[in-house]
Amino acid sequence: MPGQKQRIYSSNVDVKGFSFLESKKQSKEEEKPSFADLTLCLLEVIISQLDLKDNIRASAVCKTWREAGLYVRKVDKPPWLMYLPKRGNLFELYDPLQQKLYTLNLPELAKSTVCYSRDGWLLMRKTISSEMFFFNPFTRKLINLPKCALSYDAIAFSCAPTSGTCVLLAFKHVAYGITATSTCHPEATEWVTEDLHFHLHFGSDTLKHSNVVYAKRHFYCLDGQGRLYYFDPSSREWHFIYEYNQPCPYISGRLSYRYERKKKRILLAVRKGVFFKIYTCGGEKPIVYKLEDDKWEEINSTMLDGLTIFTGLHFSEMRVNLPWMRNSVYFPRLRFNVKRCVSYSFDEERYYPRKQWQEQEDLCPLENLWIRPPKKALDYM
């Protein structure tokens, strides 16, 4: 039956042809470039251009992408909380991200009080002699300074004393319209002090010790009403910034009497040239204002954009996109029973831990401060 044989023959040809075409198609697909074939170096270059959210998404693709994503991930690291003992030489440091506590023996800081903290350095003052010095608690490097004769209201320094451009500033309101101002640098033999014509208003619960930040080559501070001033070290002049100062309900207003007996703080922080001021009032919700277009505007969780504010009397710092710490204010106080810093979450509108104890405690105690650890901090422990 010729027709049947022909059909069988045709069927065999079709099967072989189909197999050949499939094989050819697969071969062409294997020759096409794939993201899976990218080297680790190229992946790191590509993923490094992504923001944090896209980095996290890319890291979920596969093991190789996760390795590249973690390597280049741009996540800020938080400062550590440092406890200054009332006696003895053992200092405790707490990593809020890893929730781990470390101890350092620092006899160099015996009988001294901290004045300011920045860039991993402490500005210290000896209790008896009033001599001042810089100290890095991780490297143990100590840099002596000339004695500051001014009994200052506030003091600060611009950057690490090893940078070569460090400037120190101390100032005091001595009379109406007069501000005694002292400056120094690490290599100097004495402080330069003079009375400058400028009026600063210091409230009883405001602008003490740490409410000074250095940015844009100037020292900035807030007065008792939350108004922003700055000192220019190059011209040795004080200036007032003309901004709209939205009144804080804890300080002024028809309902401010409710908060008269509560401990209040006003703190200043800066990130990438943008200023933030924070009001705290006992266990009440912290109020955060952001300076934009010469106007202080209160901000909420959606406007914080993942920021975390670490407040303190010696220095306040800001970080962005910290895991599980976003849109929060962290205070320099540790609840040892839960091994967690006291914080306020704007997303959840509550304190952690619960706030039943906060009316009796100062959330920004003078003996606690935030300090920036080096990259390999554990090598110094």
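Visitor: What is the relative accessibility of M381, and as what does this residue count?

Guide: M381 counts as partly exposed, because its relative accessibility is 34% (buried means under 20% relative accessible area, exposed over 50%, and partly exposed in between, with a 1.4 Å probe and protein chains only). The model is a predicted one, in which local features need pLDDT of at least 70 and side-chain atom pairs count only at pLDDT 80 or more, while totals for chains, interfaces and linings use all residues. Residues are numbered from 1 along each chain as its sequence is written, and side-chain values use heavy atoms, with hydrogens and water left out.

M381 belongs to the segment that follows β25 (368-371); strands are DSSP runs of E with at least two residues, helices are runs of H or I with at least four, and both are numbered from the N terminus. Together with L378 and Y380, M381 makes a nonpolar surface patch of about 270 Å². Such a patch takes residues with over 30% relative accessible area and no salt bridge, nonpolar side chains (Val, Leu, Ile, Met, Phe, Trp, Tyr) being joined within 5 Å and like charges within 9 Å. The areas come from the Shrake-Rupley method with a 1.4 Å probe, and for residues only the protein chains shown count as cover.

Salt bridges with shared partners join R118, D119, E317, R319 and R372 into one network.

In the loop between β21 and β22 (328-335) lies N327, which counts as buried at 5% relative accessibility. Its side chain meets that of D347 in a polar contact of 3.2 Å. A polar contact is a pair of N or O atoms within 3.5 Å; within protein, one must be able to donate a hydrogen and the other to accept it, and residues adjacent in sequence count only if both atoms are side-chain atoms.

In total, the structure holds 12 salt bridges. One of these pairs R236 with E194, at 2.4 Å between the closest N and O atoms. R236 is in the loop between β14 and β15 and E194 in strand β11 (residues 192-197), so parts 42 residues apart in sequence are tied together. E194 is partly exposed, at 30% relative accessible area.

Strands β14 (residues 228-232) and β15 (residues 237-240) run antiparallel and are joined by four bridges; strands pair if DSSP finds at least two bridges between them. F231 stands opposite W238 in β15. Four residues lie between these strands, and R236 takes a positive phi near 55 degrees.

A further hairpin is formed by β18 and β19, with two residues between them, and D293 in its turn has a positive phi of about 55 degrees. These strands, too, run antiparallel and are joined by four bridges, with L291 opposite W296 in β19.

Note on methods. Salt bridge = Lys/Arg side-chain N within 4 Å of Asp/Glu carboxyl O.
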